[in-house]
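Hi,

Here is the structure I promised to pass on.

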Amino acid sequence: MKCPSCGAIDDRVIDSRLGKDSTVIRRRRQCLSCKKRFTTYERIEEILPYVIKKDGRREAFDRTKIVEGMRRACQKRSVSVDKIEAVADSIEHELLEMPEKEISVTHIGERVMKALQQLDDVAYVRFASVYRSFRDIQEFMDELKELYDTRKAREQRRSEDESLKENEESQDPPRSRNVHDSCS
Ligand SMILES: [Zn+2]
């Protein structure tokens, strides 16, 4: 491995260590010429589809862009770095399993938005406003309203479920009525 200090290619490995998730090996190396130390990372080569940008250009998939985008959106919100990393991981895994050789950046953005929507409303709206670059305030308000409605519907459904459960628990099963209709 070419030494980053002097350019010599002979070195020796002084330490090898498996990374936290066991998918990467970190090696400390020492240059035999200048004795400087440097680190290399070894991981399995994975074939990810190319990302097609909005202007049509292709670029290699870059996981750090997803993480960075999410981190910006999650600033001062209670979303842990672990959760952000987990989202990036799951998107990366999905892409690895796709048969397509190319994927639109829009697809990835939508996927991130979906994940953020589950994690944090504010982060979601922040990300969406940057990502979709809302043309005007109306578009932004529509998005907010949609978010609010979904949330409200979800809460309503939850409370209905709960009251249903309570009813089931408190009410005795009907005895004489509808005996003929039921199968029992
Ligand atoms: Zn060197």
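**What I found**

Helices here are DSSP runs of H or I, at least four residues, numbered from the N terminus.

Bear in mind that this is a predicted model: local features need pLDDT of at least 70 and side-chain atom pairs pLDDT 80 or more, while totals for chains, interfaces and linings use all residues. Numbering starts from 1 along each chain as its sequence is written.

The buried set in α1 (residues 63-73) is Ile-66, Gly-69, Met-70 and Ala-73. They share one side of α1 because they span an arc of only 95° around the axis (taken from the directions from the helix axis to the C-beta atoms). Their packing partners are α2 (81-97), α3 (105-119) and α4 (121-131), with contact meaning C-beta atoms within 7 Å.

Back to Arg-72, which sits in α1: it counts as exposed because it has 12 other C-beta atoms within 10 Å. Between Arg-72 and Phe-127 there are 8.1 Å in space, C-alpha to C-alpha, and 55 residues in sequence.

As for α3 and α4, their axes (lines fitted to C-alpha atoms over the stretch in contact, with angles from 0 to 180 degrees between N-to-C directions) come within 8 Å and cross at roughly 160°. The two are therefore roughly antiparallel (over 145 degrees; under 35 is roughly parallel, 65 to 115 roughly perpendicular, the rest oblique).

Cheers

Methods
A residue is buried if 20 or more other C-beta atoms lie within 10 Å of its own, exposed if 12 or fewer, and partly exposed in between; C-beta atoms are placed from the backbone. Two residues are in contact if their C-beta atoms, placed from the backbone, lie within 7 Å.
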